[in-house]
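Trainee: Please take a close look at one part of this model and walk me through it. I would like the salt bridges and their surroundings in one connected account.

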Amino acid sequence: MKACHRAENCSYVLSNNSKHIRIMSNGTNIDVAGAINTLAETFGKLFQMQIDVANTALKALADVAEPLGKTATDLIGSFTGAATQVLQSVSSAIAPKK
């Protein structure tokens, strides 16, 4: 592959080791391996952040569900007790007196 020299007017040439790209004739280089590493690191961080958000959401849901479950259980217990008292009152009113 022909190297791009500063005196030449080349706009896009890969170097022989394929790790750098020379852009324009001003000698600007882009480190492709570094860019790929940075991109992979960024995706890794984004994936980890998604996992952290999911864990936090599940923990918050569990923290909300626990007191709601206790309240629902207490409410069912209270309703059952009240229904039992009503049935006892009705049956004692209906039952013949001795």
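Mentor: Helices here are DSSP runs of H or I with at least four residues, numbered from the N terminus. With that in hand, note that the model is predicted. The protein has 1 helix and 3 strands, and from the N terminus on the order of elements is β-β-β-α. The helix, α1, covers residues 32-94.

A search of the whole structure gives 3 salt bridges. Take the pair E41 and K45, where the closest N and O atoms are 3.3 Å apart. The two residues sit 4 residues apart in helix α1, so about one helical turn separates them. E41 is partly exposed, its relative accessible area being 48%.

Another of the salt bridges joins D63 to K59, with 3.1 Å between the closest N and O atoms. Both residues belong to helix α1, and their spacing of 4 residues is about one turn of the helix. D63 has a relative accessible area of 43% and is partly exposed, while K59, at 52%, is exposed.

K70 counts as exposed at 53% relative accessibility, and D74 is partly exposed at 41%. As a general point, side chains of opposite charge can pair when their charged atoms come close.

L46 itself is partly exposed, with a relative accessible area of 45%.

The totals for the protein give the setting. Buried residues are 5% of the 98 residues. Among contacts with a separation of 6 or more, residues 24 or more positions apart account for 0%.

How values were computed: Residues numbered from 1 in each chain as written. Predicted model: local features only at pLDDT ≥ 70, side-chain atom pairs only at ≥ 80, totals over all residues. Heavy atoms only, no water. Buried < 20%, exposed > 50% of the residue type's maximum accessible area, 1.4 Å probe, protein only. Contact = heavy atoms within 4.5 Å. Salt bridge = Lys/Arg side-chain N within 4 Å of Asp/Glu carboxyl O.
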